[in-house]
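The following note sets out points for a colleague who is about to work with this model.

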Amino acid sequence: MSNAPIPARTVDISAWIERARQDPHAYRERQATEIVLSAIGTLPGFGGHFFLKGGILMAVVYSSPRNTGDLDFTPDLPPDPAFGERLWSRLDAAFPLVTAQLGYPDMLLRVQTVKERPYAFAGPRKLSFPALEVGIAYARRGHPAARHLETGASPDTISVEISFNEPLHAVEPIRLSLDGPTVNAYAITELIAEKLRAFLQQTQRNRGRRQDIYDLAHLVERFHLDAGERQLILTTLHHKSQARNIAATASALEDPDLIRRARADWHTLEQEVGTLPDFDERLGVVQRFYRSLPW
């Protein structure tokens, strides 16, 4: 990555929050998400090293209608046994100040769990790509649910997944409002390359990734990508794929097994996006873009 400073892109996170006002649970969850994003982005020793990716980035920055409550980050810090404990204590210390600064004095947040991923396996196993899953509970001050937060048994949580050892090429700062805090995030070329890598890794991980086709089609149709950006996407994809022992070839998106896995749960996206587009039409958009990369 270049060390040259990049001007922050300003987004209106309040508009994203307001779109959920008619659903009280989703509305509170989005408010809590803003608090968590702001806390992580400004956290001493961590904020400048965490890069937002995934569904929340898609929704807040790239106007995706797909709803998700999870936060996904890649840090450029190495994992160590005390990483989770340090993050836990600093977040809990930061939440009261951040809630006050953002105008949510009635919101309470507390880290409830920090878990290592993948789970430990019996026998020796080298984990090349460790991750942490952090559960952050939230409740309104004085609400009965606040008692569950105090006992560490809150049902209302924001899930934050932190994936280490990801190659990074293009990132940018995102300002959450005109005078709001800043969080670092994947640039669009990094986001597209990451989603292509995740789609190609379906067979290796024995899972389906129906959301990647939806997200990729949204990005490549909505945003113009010039020749330089397409070259950067391809270079980034190759580096990410090599790190995971995946073959990113020009014909890789034609693999019947990858398509079958993505198609299998496509219908479940209807719960997130409402009217669901045709899978084959969206797949075609992504495949045409993929073939257009400078192979």
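1. In this predicted model, strand β2 (residues 50–53) is covered on both of its faces. Phe50 and Leu52 lie on one side, Phe51 and Lys53 on the other, and these four residues are all buried. In a regular strand, side chains alternate between the two faces of the sheet.

2. With strand β3 (residues 71–75), β2 pairs in the antiparallel sense over four bridges, and phenylalanine 51 has threonine 74 of β3 as its bridge partner. With strand β8 (residues 182–186), β2 runs parallel, joined by two bridges; here leucine 52 stands opposite alanine 185.

3. Which strand stands on the other side of alanine 185? Glutamate 172 stands opposite alanine 185 in β8, and strand β7 (residues 171–175) is joined to β8 by five bridges, running antiparallel. β7 and β8 form a hairpin, with six residues between them. Four of the five residues of β8 are buried, so β8 is largely enclosed by the rest of the structure.

4. These pairings belong to an open sheet of eight strands, in the order β1-β7-β8-β2-β3-β6-β5-β4, with mixed pairing. Its edge strands are β1 (9–10) and β4 (107–117), each of which pairs on one side only. Further along this order, strand β5 (residues 131–140) and strand β6 (residues 157–163) pair in the antiparallel sense over seven bridges. Isoleucine 136 has isoleucine 158 of β6 as its bridge partner.

5. Isoleucine 136 also matters for the packing described next. The largest nonpolar core holds 84 residues, of which Ile136, Val160, Ile192 and Leu200 touch the most other members. Apart from this core lies another, of six residues, including Leu108, Ala139, Ala145 and Leu149. Beyond four places in sequence, the contacts of isoleucine 136 include Val36, Leu91, Phe95, Leu109, Val111, Ile158 and Val160. Arg110, Gln112, Asp156 and Thr157 are also among its contacts.

6. For α6 (188–200), 13 residues at 1.5 Å a residue should span 18 Å, and the end C-alpha atoms are 18 Å apart, which agrees. For helix α12 (residues 279–292), 14 residues should span 20 Å, and the separation of its end C-alpha atoms, 20 Å, agrees with this.

7. Is α6 mostly covered or mostly open? It is mostly covered: 13 of its 13 residues are buried. In α12, the buried residues are Phe279, Arg282, Leu283, Gly284, Val285, Val286, Gln287, Phe289 and Tyr290. The elements that cover them include α6, α8 (210–222), α9 (227–243) and α10 (256–264). At the start of α12, a side-chain oxygen of aspartate 278 comes to within 3.2 Å of the backbone nitrogen of aspartate 280.

8. The chain averages a pLDDT of 91, and 95% of the residues score at least 70. Among the elements, α12 has the highest mean pLDDT (97) and helix α11 (residues 270–273) the lowest (86). Over residues 120–129, pLDDT stays under 50, and the model has seven contacts beyond four places in sequence for that segment. Where pLDDT is low, the predicted coordinates should not be read in detail.

Notes. Residues are numbered from 1 along each chain as its sequence is written. This is a predicted model: local features need pLDDT of at least 70, side-chain atom pairs count only at pLDDT 80 or more; totals for chains, interfaces and linings use all residues. Side-chain values use heavy atoms; hydrogens and water are left out. The expected span of a helix is 1.5 Å times one less than its number of residues. Buried means under 20% relative accessible area, exposed over 50%, partly exposed in between (1.4 Å probe, protein chains only). Contact means heavy atoms within 4.5 Å. A polar contact is a pair of N or O atoms within 3.5 Å; within protein, one must be able to donate a hydrogen and the other to accept it, and residues adjacent in sequence count only if both atoms are side-chain atoms. Two strands pair if DSSP finds at least two bridges between them. pLDDT is the predictor's confidence in each residue, from 0 to 100. A nonpolar core is a set of buried Ala, Val, Leu, Ile, Met, Phe, Trp, Tyr and Cys residues joined through side-chain atoms within 4.5 Å.
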